[in-house]
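Good morning, and thank you for coming.

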Number of protein chains: 2
Amino acid sequence: MSADPPLLDNPRSDRVGSIRALGRRAARDRHDRFLVEGPQGVRELLRHAGHRAEAVYLTPEAAARHTEMEELARAAGVHLQRSTEQVLAEMADTSHPQGVLAVATRMHVTAEQVLADLGPDDFVVVLANVRDPGNAGTVIRGADAFGAAAVLVSTASVDINNPKVVRSSVGSLFHLPISTGTPLSELLSICRDAGLRLLAADGAGDTALPAVDLSGPHAWVLGNEAWGLERTTLALCDEVVSVPIVRAESLNLAMAATVCLHASSAARHNG
Amino acid sequence: MSADPPLLDNPRSDRVGSIRALGRRAARDRHDRFLVEGPQGVRELLRHAGHRAEAVYLTPEAAARHTEMEELARAAGVHLQRSTEQVLAEMADTSHPQGVLAVATRMHVTAEQVLADLGPDDFVVVLANVRDPGNAGTVIRGADAFGAAAVLVSTASVDINNPKVVRSSVGSLFHLPISTGTPLSELLSICRDAGLRLLAADGAGDTALPAVDLSGPHAWVLGNEAWGLERTTLALCDEVVSVPIVRAESLNLAMAATVCLHASSAARHNG
């Protein structure tokens, strides 16, 4: 690897165009790669999933501001390419990539593989047809913060490598295994076979969160944006759990998920 | 009020322009009015703060879909104006007002007035220089969901009548008193004088949430987006509380606030 590569300065080059294309799902599926934008996401990629980092692009200003990137990229064996602000802006999906962007390969892990490694005290998160990228990213962030062992994403959910999901997960995407590509009903069977209790989080649930025993292994099944799950999904779960609120319809999915995952974490760490 | 007003169809009229201007803070300050976009926000405005609704604009399609609007507007004594899709799009700040938009007058209530009505079991939320509109709106939504008695917003915070705050609060803005216009240090003194314990929520706090007694009257002091408060603010609080997480820096302000406010609610309702 050369110590000081030349500055990438042509925003209309083929290379820039092919990276920009990764903002679209079709290109991500074809090339099995996706964009990671901003210093925090790129840092977590290099630290926790360095083998999946393919290239890092950053402006000279960002390189001076984030001096750790050079060392992290070297440790991960990744090419670090200086680029102009215009090139970065052209590659990025967001209007503020903050001078840092990486291309990463997608994670390939099945739900069975993820659950094979589960411990007796673990809990996981199932994204059941969650379509809003901001909600999906925030739930992944919460799963990370509160120590879920994994996230299992159903086929009908948003692509977790969508730039908006990647941004709102703020690096959590690289901290825990995330399986994709399994239809929801199959995912629930796999969880059940792995000995997990299935807890559906639903605003209309008849069991209030404080009444739920969260000590054993379980899966939180989180539904769509209106914080609801289909009847057929609810029927496959062991309990339908609601977060007690004072006024109806005032939590969104990310807020409800945050409370439920925090409760699972608290059940493990507060005695 | 005429039963069937003519269709507003000129997107370049002065009236449309003056409503569109309310997307900017200067115009909101000058006219003391703001925009409420989308059916859920407008419905909550009419139901819970009808006296503050000045006019409702909706497309014929939205009127057919949301038949309750007619009755709600009549009950609130508000003029309901049919408008074309183009007129709505021109008035709105968002690209998807879903065919419904209202103009409302701002709430004027001081922190002292709000706190004069507090009960012995009440808790409130202080927004301490929160600048991100999405976070502010979500915290207001959480305050509503978990039964906070009021929200007190410091002068250096985002304008709560910013269209993005209004949208992300999804009607909660009209469910509880929200004071604005008081500098943070003064706000904390007023809370203290009202007998509230001041709990700063801070990722680096040395008291873990489960160790905090939330039974008495208290104020959650919530800081900026990086989920931090200034040292001078922390020094004015009784406790600096953190939400225990497995990995550092993985909660945002809205998530931390959701967990803290839920804990206050649970301390009141779960015995």
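How many residues does the contact take from chain B and from chain A? The contact takes 24 residues from chain B and 24 residues from chain A, where two residues are in contact if their C-beta atoms, placed from the backbone, lie within 7 Å. On the side of chain B that touches chain A, α8 (133-145) and α12 (253-269) of chain B each supply at least two residues, and α12(B) gives the most, with 7 residues. That side has 10 nonpolar, 11 polar and 3 charged residues. Here Ala, Val, Leu, Ile, Met, Phe, Trp, Tyr, Cys and Pro count as nonpolar, Asp, Glu, Lys and Arg as charged, and the others, Gly among them, as polar.

This is a predicted model, in which local features need pLDDT of at least 70 and side-chain atom pairs count only at pLDDT 80 or more, while totals for chains, interfaces and linings use all residues. Residues are numbered from 1 along each chain as its sequence is written, and chains are lettered from A and ligands numbered from 1 in the order in which they are written. Helices (H or I, at least four residues) and strands (E, at least two) are DSSP runs, numbered from the N terminus.

Let us turn to the sheets of chain A. One open sheet of 4 strands has the order β1-β4-β2-β3, with mixed pairing; two strands pair if DSSP finds at least two bridges between them. Its edge strands are β1 (33-37) and β3 (79-82). β1(A) and β4(A) are antiparallel, with 5 bridges, and Phe34(A) stands opposite Ala104(A). Helix α3(A) packs on this sheet, touching β1, β2 (53-58) and β4 of chain A, whereas α5(A) touches β2 and β3 of chain A.

How do these two helices meet, and which residues make the contact? The axes of α3(A) and α5(A) come within 9 Å and cross at roughly 35 degrees; axes are lines fitted to C-alpha atoms, for helices over the stretch in contact, and angles run from 0 to 180 degrees between N-to-C directions. Arg43(A), Leu46(A) and Arg47(A) of α3(A) meet Leu72(A), Ala73(A) and Ala76(A) of α5(A).

A second open sheet in chain A has 7 strands in the order β7-β6-β5-β10-β8-β11-β9, with parallel pairing. Within that order, 3 bridges join β8(A) to β11(A), and Ala200(A) has Val240(A) as its bridge partner. Helix α12(A) lies across β5, β8, β10 and β11 of chain A.
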